[in-house]
Each structure stands twice: as C-alpha cells, then as structure tokens.
Amino acid sequence: MKTKFTTDTKLESEIAYFENINLKLESGDIIDSFKLAFKTYGKLNADKTNAILVCHALTGDQYVSGNNPITGREGWWSRMVGPNKPIDTNKFFVICSNVLGGCAGSTGPKELQNGSDVSYGGNFPSITIKDMVKAQSLLIESLNIGKLFSVIGGSMGAMQALQWAIDFPDKILNIIHIAGALKHSAQNIAFHEVGRQAIMSDPIWKNGKYFENNEVPERGLSVARMIAHITYLSENAMHRKFGRKLQSRDIISFGFDADFQVESYLRYQGKSFVERFDANSYLYLTRAMDYFDHDETFRKNIEFSHNPNNHLKYLIVSFTSDWLFPTIESKMIVNQLNSLSREVSFLEIDTDKGHDSFLLEEPQLDDVIKGFLTNNFTKIDE
Amino acid sequence: MNKINSIRKDWSLIETLIAQDRKILDIGCGDGGLMEQLENNRNAITHGIELNRDLAANAIARGFNVVHGNAELDLSQYSNNSFDYVILSQTLQAMMKPKDILSELLRIGSKAIVSFPNFGHWKIRLQLLISGKMPVTESLPYTWYDTPNIHFFTIKDFLNLCNEMNIVIEKSIGLTSKGKQFDISESVTGVNFFTHEAIFLLSYKNFEPIKIKSSKKVFAKNSVIAN
C-alpha cells in the first residue's frame, strides 16, 4: 500500500511568510519568497530579554513541546521544554521553527514552487546550515526580538546554534550546543550517503518527482531511517534493550522474517518515519549537515569577526557513548574557545544511550541546562 | 581542623593574595566555591577546570564557566598570559608531572597561586620515624594504597624547585596544624618543621628591558640573569 502524499496538511501552527525577500543562499541560488512554520511557548517579557530559540535536529520539527498534530504524540523535547521543565516556559519565551528545507510546514522540497501548483521536489535549491540560520534570523526579526537570550540545539540543532554564534553573535547572549561538532565527519557523511542512496535507488523516487503520482519511496526512506537510527544508539544500549531476544516467537524461523526484537524495532522505526517525513527533505537536510564545516575557520571567525562576540557564553555538552558526534569533536570547540579565553563550559555526560541521549532521560543534562539558563539569566537581569 | 574548614581557610588566604577585577583560572575548581567567593569579594572573572564529572556539572549548573577535563592534558589549550592568576589549591601533590604543571601555570597566568600540605611537618616525620609506616594525617588522610597524592614534597623541596625553575616567590603563607598563620619567608628556622600547609604566590622573574644606547638605534630586550 502506498501512503498518500499530501501537500497541504492543515497544521495548527503559526507560519511566517517572507514575500519577495530574495533570500540569497550560500550556494548562490536565490529563493524569492519563503515561509517558516514555527511554534512559540511561554510569554515574551516586556523588555524582550527572555527569548530562547530551540533548533531541531535532522528529523525534528517546530513541535518541541506539547502535542504534535502531525504524529499525534508529545513534542520531541517535551521532557525538556515546558512549564517547570529545565527550559522553563513560565520564565522563558521559547521559539522553535521548522528549518528551511524541512517538511513540517516551512518552505522545502515538498512545498509548491512559488506561483505554480507543482512541488519543488528535486528542483529545490541546495540548503546549508548557514541558510537555515539566516532564515531563522529573519523570523526572529519579524517577531521584533532584537536579542535572543539563548540558542539551544542538539546534533543538527547544535550546528545551527554554532552558526548563530558565528553569523549573529550580536543578536544572542549564549548558546547551548549538545552532541555536535565543528564539522560533519567522513564517517557521518558516509552514513548519510548510504541513506540517500537507499532513497534514490527506490524506483518510486523518480528523481524526486514521486509526488506526481501521489507516491512515496517508502522502502528507500525507511531503510535510510533504519541505518541512521543505528548510528543514534550505542552497542551497549542496543544490547541492553534487545540483546538477542526473539520477537513474538520461541524459536528462530530459519527465514528472513524479523526473528529478533532489534529487527522488528528497526522495521517499526523505518515504517513510522515514512508516515511523517518527506524523502526529498531527507536528502536535502542530510546534505546540509554534510556541508557543515568550521574545522579550519571557526577560530578565525570568532577571533576576527566584525560582529563583537566577546560577550558570548557557550555551554558545550557531549555524551560518552555518542560515536556519531564523539566527545573529541566537542572538545575541539572547547579547545579553540579556551585558546581565545572565551567563556565556555563543557561537560561530558556519562551514559550508554548514544547520540540520542540528548532527547532521552538524562538528569545531569536537565540540571546543567536548567542551571546554566537560570543563573545566566539572573546575571543579565541584575 | 577538618577537611572543609581547612579548604575554607585555604580559600580565604588565597583571596588575600588576589587584587580586584582580575581574570582567574581555578584548576580543580570543584563545584565553584572558590570561584563564587572571588566573584563576590574580588569582582573577579573566573574560569575553572574540574576533573570530577558531578562536581563540574554542579559548577556549570551554578552558572560558572567550568570545563570538565583533566588539567594535565587540557592546560595546553590556553594561550600565554591569558589569566592574571592561575590557582592550584591542594592539588600539586596529586599531579603526574608537578614540574610541568608548575611551568604551565606560569605560562597561562601572570601569577600562580599554589597551596599544598607540607610533607616535612613534624607530625609526619614523627609518624614515619616511630611507627615505620606511611603517615596518615588530617591534611593527608589517605592510606598509601588509595591516596590520590602521588608526589609528596616538603616546603624545602618546593623552594628548591622554584629556584631551579627561576620562579619568584612573591608571597608565602604558612599555617601550623593549629591554624596559626605566618609568613614563611620571614621565619627562617624550623619553617619546614612547623608548617602544616603552605600557600605561595608565584611569578616568573620579571626583568626590566635593558636599553642599550648606540649612536643610531635604541635596542630593548629581555635578558635572563642566572642566579
């Protein structure tokens, strides 16, 4: 059975339209008009000093907290963002927008091309992390917020937070950078490439024009998700969770059914992903991550930026079992900031939950984020 | 004197060595207690390094700039002279390479503050002499097999090392086991015997530029005088 491809899902979300804005992308291409779907939580205070931008990861969306109308489930960081949560919406005004190139309401390959009734598909221009951040900065501007108190993100969200520190240091006070890196490593690009090849070799993909027949390259996209999902876990966590346990049977089948629980779990992950994510978006966003590289330039950018950035505070967090964005990558950022005497804090949290730890129950992450935000907010408030 | 009191005493003495509005790196900063004290009382800008994960997490959650890491590996990332003071409180004896650490402190900071328990104290000497076993005291409360303190040294040893490394001792404070405070440099006899704990303010020898007049140019350079 093919899932129907709908281009205008009605979302209970605010959307910002930027008409004739001629957004120049890093690739040189220009998007004349675009829209960003976003959600806000909490209240902006009178002085507008309590705004926090949360940046979502590769397959996230603007529904950071509360109910997500697309999936019918809790938002992806509900455990972190909300009233009395570590990112406390009683205190802070939290904004989260679907990235440019995404598929939860912002302009991306799934959306109709300007002035036509055809989706972009493969005609969508190549997007980078810098482009996403530029679009977000326009959103913040349109919300009449001069300065964000904090920009927070994990994984691809961390890349965006770092890009904010590089491109708009004068518009932020601190960043919380979780499970990220200065660059997407060769191994990470390799995993993404396997995922993209899975999608592109699905006969239904048709050079990204699958929407013309209302079809979705389900097989390719679900395989891409299954591969990626493995990289988000760790060997220990997988063993703890599944071991060699069998799924709904007592003996092995001597066939290729999902004998093992881990197989069944991955198949489920792939299948449910297809229902909520667009295959072309997956291609574009993985590419944006691949192109992210501040390995050589970060130090120079921070040191010689024409935008003053001395005031910025950085909280960098990594996880011991994260092999996709290992601690060493975070330490490179810390190292460079320390060599410039910047105000940086760094913590490696001990956990076996792998890269996905930032989305999961990690009390130390909660404590550190809550304390960092609260105490630094008190300092600016004085 | 219990451990906590001893640390507090240590901190308040360290505070007396620090001027207003300075930039400080606290190595082994724990949950940021000393950083807090120096921010409040000296209006200092503080940074810290802490090896213990939970302590580092606490310090960060309290709003301090703290890097979770190992000073013996991570000090190299700081630039020369990037701090006014670098503090190493009660930790030198636990370092793998105390000499290297000492020179790193004075590379990163214009001044260094180092405090340590004196292994030359009479109680320790007496314990070893009489019992023939490794001493266990209030300031060195561990048994030999589980102690984090791997390099024991006395005030005399420390002074010799500073001399060898051309380090100037700007100020030195000694504490007896009863908590009595005195100036180490002024009390000549028996210092190594009575000092329970010592705190030193260190810097490198600072030489005035020597101006050499010639008919055409004025040269200025730093020179090093061996003593």
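Trainee: In this predicted model, which residues have the most contacts inside the largest nonpolar core?

Mentor: The model is a prediction, and its largest nonpolar core has 148 residues. Domain 1 (14–184 + 293–381) and domain 2 (188–287) of chain A both give residues to this core, so the core lies between them. The residues with the most contacts inside the core are A:Ile52, A:Val54, A:Val94, A:Ala161, B:Ile60 and B:Val86.

Trainee: Which residues does B:Val86 touch, leaving aside residues up to four places away in sequence?

Mentor: B:Val86 belongs to the group with the most contacts inside the largest nonpolar core. Residues up to four places away in sequence are not counted here. On that basis, the partners of B:Val86 are B:Leu25, B:Ile27, B:Leu105, B:Ile108, B:Gly109 and B:Ala112.

Trainee: Is B:Ile87 buried or exposed?

Mentor: B:Ile87 is part of strand 4 of chain B, residues 83–89. Outside the four places on either side in sequence, B:Ile87 touches B:Ile14, B:Ile24, B:Leu25, B:Asp26, B:Ile27 and B:Ile113. A residue needs 20 or more other C-beta atoms within 10 Å to count as buried. Because B:Ile87 has 29 C-beta neighbours inside 10 Å, its class is buried.

Trainee: What distance separates the C-alpha atoms of B:Ile87 and B:Leu75?

Mentor: Along the chain, B:Ile87 and B:Leu75 are 12 residues apart.

Trainee: Which element of chain B gives the most to the side that touches chain A?

Mentor: The contact draws 16 residues from chain B and 22 residues from chain A. On the chain B side, the elements that give two or more residues are helix 3 (53–61) and strand 3 (65–68). By class, this side has seven nonpolar, seven polar and two charged residues. The element that gives the most, with five residues, is helix 3 of chain B.

Trainee: Which residues are buried in helix 3 of chain B?

Mentor: Helix 3 of chain B is followed by B:Gly63, with a positive phi near 95°. Within the helix itself, the buried residues are B:Ala56, B:Ala57, B:Asn58, B:Ala59, B:Ile60 and B:Ala61.

Trainee: How many charged residues are on the side of domain 1 of chain A that touches domain 2 of chain A?

Mentor: The C-alpha centres of the two domains of chain A lie 26 Å apart. Their contact takes 25 residues from domain 1 and 22 residues from domain 2. The domain 1 side has eight nonpolar and 13 polar residues, and its charged residues number four.

Trainee: What radius of gyration does chain A have?

Mentor: The C-alpha trace of chain A spans about 65 × 50 × 40 Å along its principal axes. For 382 residues, a compact globule would have a radius of gyration near 21 Å. The value for chain A agrees with that expectation, at 21 Å.

Trainee: How many bridges pair strand 11 of chain A with strand 12 of chain A?

Mentor: Chain A has 10 helices and 14 strands. Strand 11 (residues 148–154) is mostly covered, with seven of its seven residues buried. Four bridges join strand 11 to strand 5 (residues 51–55) in a parallel arrangement, and there A:Cys55 has A:Gly153 as its bridge partner. Strand 12 (residues 172–178) also runs parallel to strand 11, and the number of bridges in this pairing is six.

Trainee: What is phi of A:Ser155?

Mentor: A:Ser155 occupies the loop between strand 11 and helix 2 (156–167) of chain A. This serine counts as buried because 26 C-beta neighbours lie inside 10 Å. Most residues other than glycine have a negative phi. A:Ser155 has a positive phi, near 60°.

Conventions:
Residues are numbered from 1 along each chain as its sequence is written. Chains are lettered from A and ligands numbered from 1 in the order in which they are written. This is a predicted model: local features need pLDDT of at least 70, side-chain atom pairs count only at pLDDT 80 or more; totals for chains, interfaces and linings use all residues. Domain bounds come from an automatic or database domain assignment. Two residues are in contact if their C-beta atoms, placed from the backbone, lie within 7 Å. Ala, Val, Leu, Ile, Met, Phe, Trp, Tyr, Cys and Pro count as nonpolar, Asp, Glu, Lys and Arg as charged, and the others, Gly among them, as polar. A residue is buried if 20 or more other C-beta atoms lie within 10 Å of its own, exposed if 12 or fewer, and partly exposed in between; C-beta atoms are placed from the backbone. A nonpolar core is a set of buried Ala, Val, Leu, Ile, Met, Phe, Trp, Tyr and Cys residues joined through C-beta atoms within 7 Å. The radius of gyration is taken over C-alpha atoms; the globule rule is 2.2 Å times the number of residues to the power 0.38. Two strands pair if DSSP finds at least two bridges between them.
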